Amino acid sequence: MREIETQVVVIGGGATGVGILRDLSMRGIPALLLEQGDLAHGTSSRFHGLLHSGARYAVKDAKAAQECIEENKIVKHIAAHCIEDTSGWFVYLNEDDPGYLQLWLQGCDQAGIPVKEIPLEEAFRLEPLLSRQAARVFEVPDATVDGFKLLWANVKSAEKYGGTYRTYCKVKSLWLENKDIKGVYAEDLITGEIIQIRSKIVVNAAGPWSAEIAAMSGFDVHMLKNKGSLLVFNQRMFNRVINRLRTPGDGDIFVPHETVTILGTTSQMVDLPDDNQVKEQDVSYLLEMGKDLAEEIELHRVLRAFAGIRPLYESEDASEHEGRGVSRNFALIDHEKRDGVRGLVSIVGGKLTTYRLMAEKVTDWVAAKLNVTTACRTAEEPLHHEPPADVWNKARQLIGAAAADKMMERLNEEAASVIAAIEKQPELGQFICECEMVTQAEVLHALQDPAVHSLDDLRRKTRLGMGTCQGTYCTYRSTPMLKDTFGSWERTLKEYRILLSERWRGITPVLWGDQLRESELARALYLNVLDFKAVESEE
Amino acid sequence: MWDAIVVGGGLAGWTAGIRAAQRGKKVLIVTEGVGTLYYFSGIFDYGDVAGLRHFPKHPYSLFDAETIDRGKQFIKELCPEYIENNKSRHALTVLGTVRQGDLMPRSMVLPDRQEQGIFVLLVPEGLKDFFPEIVVSNMAREFPGWQVKVKRVHAEILGEWERIGKSASGIDYAAIWRSKEGQNLLAQEIETIKREQQGAGSKSERIAVVLPSLVSEYFDASRTKIYGKDYSLPVIEMSSFIPSPHGRYFAEYLKHQFTDLGGELMIGARAAALTGEPVSDKQPKSCQEIIVHSMGKVLHLKAKKFILATGGLLGGGIKVGIERKSIHEDVFDLPLFVPQEWSASRFFAPQPFAQIGVETDNCLRPLDTNQGQVIWDNVHVVGRMLAHWDPWTQRCGGGVSVTSGCAAAEII
């Protein structure tokens, strides 16, 4: 059995976990993050991608609203390349409750969220698809955030400060001696090897899986798993985030991302942390709700549906975490105080928008335990440095401005080597993925990352397969690179099948119209032109 | 007044139109676009005909063996380079794997795996979506007795594209190989290969050149005269990737065949609706004319028979609306068989939605899905518009389209 020693083990490679890893590393505390899948495979990539202004919470949760607006400003500053500063609108429809409108305006004012009313005529001019039932429109500093980019940027920054992480490494048990944490036992899911990791502190940041982790200490954390389903449209229907101005509910938010728009969200309690299959009735419901904000929603093509699990924390005792500077929005559970287990802390609940704040609170707690006095700097220090202007210019010259900008945002400081490769061998500048404009050189670069174990990991890193064709062409085009990386023809075929099946899960709930035709085209390509055997593929 | 109007210019539509024209009928083909021939591998898949005929309601069950055979004869007469696969004959996919070829061009036929020899893969520089290393390793695995070598071929005309890293598609290269310069270049390359191999002492061994994007089947003496060069070594062509050069030239060839026979063609025209009167309550209706939108005009076109060949889901003849609240056939608003279960959870599994289509009697006339009665007396449904089959998992796309197209033409 392999043995590793560190100061802190962080369980969970979502936004909160990587935020903690970065904060710990910046304060000089040795830490290892363990993730059972790929980074961001859970809730952090399965949401609408909204960077909250806090306006959505202005009425029901003043504290959360205030945290959101503060973090909104910070994240826009430290992670500019992951953010599109679209702004957001709150749209009050003719039928909506005027009482709520007043409460909302007061709430925003109290939380310090700037609100500007947009004259209706201008609103319809700026967002032509907006429902003509709109009566008043208010602008707030909402923005959109790319969860994948944000996570990778945190990890890369943490690595620079000495932080380490392992993906596909699943915690099997907590290593406890007389209720003292000594570390964890984990399994490397790729090799099957069991690893013993000695640490002073274990941070449970496993999101929907955190109840399972806490239970390994013999104590329960009361978590609710709430499934939120979302739809992806293949057009940018709106240029701003569009919210409905009423008590936040289902299907009342449109979030534009690059060339697509996400409509969210539903809310349904589930039992399993990975129950993320969307049902057709969820889709119907979302479309019905979405019609209130966009009357002609049915004319638009739905690319796919997906769902994430919100890890909601319900405290058994409201006084339990009062006075610790933690809002109702998220909670830090000190298992020594609560259960007598020393060295274990759980961070539960929360929002992606406040991931940094949650990380700061946890790291403060850890630092106090380890007598480290270094202050938190994550609110000031950007996640990465801007690549130099000459790299940008070179990239634009070689692959065109639109593709270059997308690539630079994905790669940042790593872009220089990819640009150099294209300059040397122009054919490497050809697009593997024409929807997301991912070049061959970028795919080759991503495949060199030791954390890329599959085509599906590659998808998360490069956005290959996330566009309109949903993997049909780009999967095929990555064939030679996959074979070089993964070794055999059988393995390459298996990677094809896994990726296309994963994409298929999101397509089946919206299988009509052009997406259905696209699916027939994909079947024609793989089963006929490339002669994949239908029977063999049934695993 | 035409003897028949064919709606749809895909494989089944062209087949019906040409066969009817061969029989001396006055035919019009109305087509919106080019159909899905641009995804044609170059091979007609027939699948397990005998087995599929026992599938309940499968289109093959509408035909006797003779009719299916007539379809094959039609293709072989139309394209003399096509041969029927009585033995186990195979062709290469673009990945270098080996696929079955039921009715395929002679030039695609692979040698026996038991034999020995040398394949020389000619790799056109910058050919898009073509992976020589993958092809070589797959061919080497499929043909253990054969050596696989690679030779790159560089077409001067694409020099500038190469310099800036722009790729050329299979269609670009096929056009080059059909030109005089391209033919000469290929001939030279192949002669060089021959000399090199003989110099290397492999005189006695069998040598075959393998080439993607060579389209040599659709030889039309009256128009495309250039093809016909003899090479000093046998050349095996690979089946097409998309967009398919085989599909492109096959479509062009079909068009020439059709118009040479006096067939009339209306491209960029969309058949939208029809008018027709029921003869009586009990009898099937008879269609008098269809309404066609073409170049901003609305035309009423009359014919004795109408053939619906609009290509199903992929071709666009069946429209499935949001949440599947509306599913309809676009021209005659025919009743459709719609499976209860819509999709299978595995992508590569047989998909229930693929079975959607029009149910017909043995004369390919549309049936009412409830009563089982013929709705239109003079409308015949062909190809992918037929219900109860899946061309991709049953591997019979070409077979059903050719057979039904031919059969419909025989009734006109």
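Here are legends for a set of close-up views of this predicted model.

A few notes first: residues count from 1 along each chain as its sequence is written, and chains get letters from A, with ligands numbered from 1, in the order in which they are written. Since this is a predicted model, local features need pLDDT of at least 70 and side-chain atom pairs count only at pLDDT 80 or more, while totals for chains, interfaces and linings use all residues.

**View 1. Where chain A meets chain B.**
This contact takes 38 residues from chain A and 37 residues from chain B. Two residues are in contact if their C-beta atoms, placed from the backbone, lie within 7 Å. On the chain A side, the elements giving two or more residues are α7 (280–290), α15 (472–477), α16 (479–486), α17 (489–507) and α18 (513–529). (Helices are DSSP runs of H or I with at least four residues, strands are runs of E with at least two, and both are numbered from the N terminus.) Which element of chain A gives the most to this side? That's α18(A), with twelve residues. Sorted by class, the chain A side has 19 nonpolar, nine polar and ten charged residues. Here Ala, Val, Leu, Ile, Met, Phe, Trp, Tyr, Cys and Pro count as nonpolar, Asp, Glu, Lys and Arg as charged, and the others, Gly among them, as polar.

**View 2. Domains 2 and 3 of chain A.**
Chain A is split into domain 1 (2–43 + 148–222 + 314–369), domain 2 (53–145 + 224–312) and domain 3 (430–529), with bounds that come from an automatic or database domain assignment. The C-alpha centres of domain 2 of chain A and domain 3 of chain A are 30 Å apart. Where the two touch, twelve residues of domain 2 of chain A are in contact with ten residues of domain 3 of chain A. On the domain 2 side, α7 and β20 (302–313) of chain A each supply at least two residues, and β20(A) has the largest share, five residues. That side is made up of six nonpolar, two polar and four charged residues.

**View 3. The two domains of chain B.**
Chain B has domain 1 (2–82 + 249–411) and domain 2 (94–238). Their centres, taken over C-alpha atoms, sit 35 Å from each other. In this contact, 15 residues come from domain 1 of chain B and 14 residues from domain 2 of chain B. On the domain 1 side, α3 (65–78) and α8 (245–260) of chain B give two or more residues each, and α8(B) makes the largest share, four residues.

The largest nonpolar core has 291 residues, and V203(A), L308(B) and V382(B) touch the most other members. Such a core is a set of buried Ala, Val, Leu, Ile, Met, Phe, Trp, Tyr and Cys residues joined through C-beta atoms within 7 Å. A residue is buried if 20 or more other C-beta atoms lie within 10 Å of its own, exposed if 12 or fewer, and partly exposed in between, with C-beta atoms placed from the backbone. Setting aside residues up to four places away in sequence, the residues that V203(A) touches include V8(A), V10(A) and I11(A). Helix α14 (residues 455–462) of chain A is mostly covered, with eight of its eight residues buried.

Most residues other than glycine have a negative phi, and most peptide bonds are trans. The bond from G264(A) to T265(A) is cis, with omega near -10°, and T265(A) is in the loop between β18 (260–264) and β19 (268–270) of chain A. Another cis bond runs from I242(B) to P243(B), with omega near -5°. M295(B) has a positive phi near 50° and counts as exposed because it has 8 C-beta neighbours inside 10 Å. H388(B) has a positive phi too, about 70°, but H388(B) is buried, with 20 other C-beta atoms within 10 Å.

**View 4. A four-stranded sheet in chain B.**
This open sheet runs β8-β7-β9-β10 (chain B), with parallel pairing. Two strands pair if DSSP finds at least two bridges between them. β8 (146–153) and β10 of chain B are at the edges with a single partner strand each, so one side of each has no neighbour in the sheet. Strand β9 (residues 207–211) of chain B pairs with β10(B) over three bridges, and L211(B) has E237(B) as its bridge partner in β10(B).
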